[in-house]
Amino acid sequence: IPTYEECKNTAAWLLDQQPFRPLLGIVCGSGLGGLADLLKDQKVMSYSEIPHFPQSTVQGHAGKLVFGSLKGTPCVCMQGRFHLYEGHHIQKITFPMKIFKLMGVETVILTNAAGGLNQEYNVGDIMIIKDHINLPGFAGINPLMGPNDERFGLRFPAMSDAYDRELQQLAEKVAIDLGYKEFIRRGVYCTLTGPSFETIAECRMLSMIGADAVGMSTVHEVIAARHCGMRVFAFSLITNQAVMDYDTDMKATHDEVLQTGKDRAHQLEALVATMVPLIKQSKTH
Ligand SMILES: O=P(O)(O)O[C@H]1O[C@H](CO)[C@@H](O)[C@H]1O
Ligand SMILES: Nc1nc2[nH]cnc2c(=O)[nH]1
């Protein structure tokens, strides 16, 4: 478990290596690493060279931290995130959020690939996350378990306002302006630990409890980001349809997940590139 001092060291080391003082952090979901290409004047670092940083082990997650400028906003982008099923400690999964905070990041945009549970959703839809269900949290898996470090945040942070409503509205407006009305959605994301995909009965249950999409990430990062006071915006790319019926041969595969990411890369990049300059930061740059 990284200590506060280790977090400080990593943040200081990163600021030392490159000229950017990022105000915005981006996390790329499976197959969505192309978002990093939006950054100009890039300075790229491999996770393996960054002190205390975990390594990426999943296909579609390059394992690089990219600094750069997006239409004038200094950004840091994680090309590759960490998942519980890789065997990382939950506080290693959220470690980069603390590093973002200590480097001065104010707003985080998280993306993921997810299975669509809502029957009205199609593969390729972009779902603005309005809320989440931390299902592993019901069984005692929460990134804030253990001693609380007040330097990051409160012992008991609220999560009813986890997903910034202004940013949700902004994203929806931008999406409509870009002509994405047919495939932009707003819904609830549920995380499971994975790595096995859901059974049919599990998908039916998740749909009944109010989830619109299911994945294996994001929620723990969001909890940590909110704990230390960063604004959060997140969206899911619906990369596959969750299987809800017994009379079909359909099944989830990581290949389909990556392929849908490729097919929608252009629209996702346009959405983020258009949104970012419209996000107000409290600091000037
Ligand atoms: O959530 P991201 O990192 O986008 O990845 C999603 O895609 C992978 C499964 O195909 C899982 O890792 C799931 O969490
Ligand atoms: N748990 C889960 N994660 C995903 N990531 C992409 N698609 C899926 C899915 O159907 N289920």
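A polar side-chain atom of Tyr 85 sits 2.7 Å from an oxygen atom of ligand 1 in this predicted model, a polar contact being a pair of N or O atoms within 3.5 Å; within protein, one must be able to donate a hydrogen and the other to accept it, and residues adjacent in sequence count only if both atoms are side-chain atoms. The side chain of Ser 217 places an N or O atom 2.5 Å from an oxygen atom of ligand 1. Arg 81 also contributes, with a polar side-chain atom 3.1 Å from an oxygen atom of ligand 1. On its own, ligand 1 has 350 Å² of accessible area, and the protein covers 96% of it. Accessible areas come from the Shrake-Rupley method with a 1.4 Å probe; for residues, only the protein chains shown count as cover. Two elements, β5 and α7 (254-275), each give two or more residues to the shell around ligand 1. Helices (H or I, at least four residues) and strands (E, at least two) are DSSP runs, numbered from the N terminus.

Local features in this predicted model need pLDDT of at least 70, and side-chain atom pairs count only at pLDDT 80 or more, whereas totals for chains, interfaces and linings use all residues. Residues are numbered from 1 along each chain as its sequence is written, chains are lettered from A and ligands numbered from 1 in the order in which they are written, and side-chain values use heavy atoms, with hydrogens and water left out.

Ligand 1 is surrounded by 13 residues, each with a heavy atom within 4 Å of the ligand. The closest are Ser 30, His 83, Tyr 85, Ser 217 and His 254. By class, this shell holds 5 nonpolar, 7 polar and 1 charged residues. Ala, Val, Leu, Ile, Met, Phe, Trp, Tyr, Cys and Pro count as nonpolar, Asp, Glu, Lys and Arg as charged, and the others, Gly among them, as polar.

The shell around ligand 2 includes Phe 197, Val 214, Met 216, Thr 239, Asn 240 and Val 257. Its class count is 6 nonpolar, 4 polar and 1 charged residues. Glu 198 has a side-chain N or O atom 2.5 Å from a nitrogen atom of ligand 2. Backbone atoms take part too. A polar backbone atom of Ala 113 is 3.2 Å from a nitrogen atom of ligand 2. For a backbone N or O atom of Gly 115, the distance to a nitrogen atom of the ligand is 3.4 Å. Ligand 2 exposes 280 Å² when taken alone, of which the protein buries 94%. The strands β5 (107-116), β8 (213-215) and β9 (231-241) each supply two or more residues to its shell. The largest share, 3 residues, comes from β5.

The largest nonpolar core has 47 residues. Such a core is a set of buried Ala, Val, Leu, Ile, Met, Phe, Trp, Tyr and Cys residues joined through side-chain atoms within 4.5 Å. Met 97, Phe 100, Met 103 and Val 108 touch the most other members. Beyond its neighbours within four places in sequence, Met 97 is in contact (heavy atoms within 4.5 Å) with residues including Val 27, Met 78, Val 108, Glu 221, Ala 224 and Ala 225. A separate core of 33 residues includes Ala 36, Val 174, Phe 235 and Leu 237.

Helix α6 (residues 219-227) is mostly covered, with 8 of its 9 residues buried. Buried means under 20% relative accessible area, exposed over 50%, and partly exposed in between (1.4 Å probe, protein chains only). Among the buried residues of α6 are Glu 221, Ala 224 and Ala 225. Just after α6, Gly 229 has a positive phi of about 85°.

Several backbone features lie in loops. Most residues other than glycine have a negative phi, and most peptide bonds are trans. Gly 194 and Pro 195 are joined by a cis peptide bond, with omega about 0°. Pro 195 is in the loop between β7 (184-191) and α5 (200-208). His 52 has a positive phi near 70° and lies in the loop between β2 (40-46) and β3 (64-70). Lys 71, also not a glycine, has a positive phi of about 45°. Lys 71 is in the loop between β3 and β4 (73-79). Lys 71 counts as exposed because its relative accessibility is 60%.

His 88 lies in the loop between β4 and α2 (90-93). At 15% relative accessibility, His 88 counts as buried. The side chain of His 88 reaches the backbone oxygen of Gln 55 at 3.4 Å.
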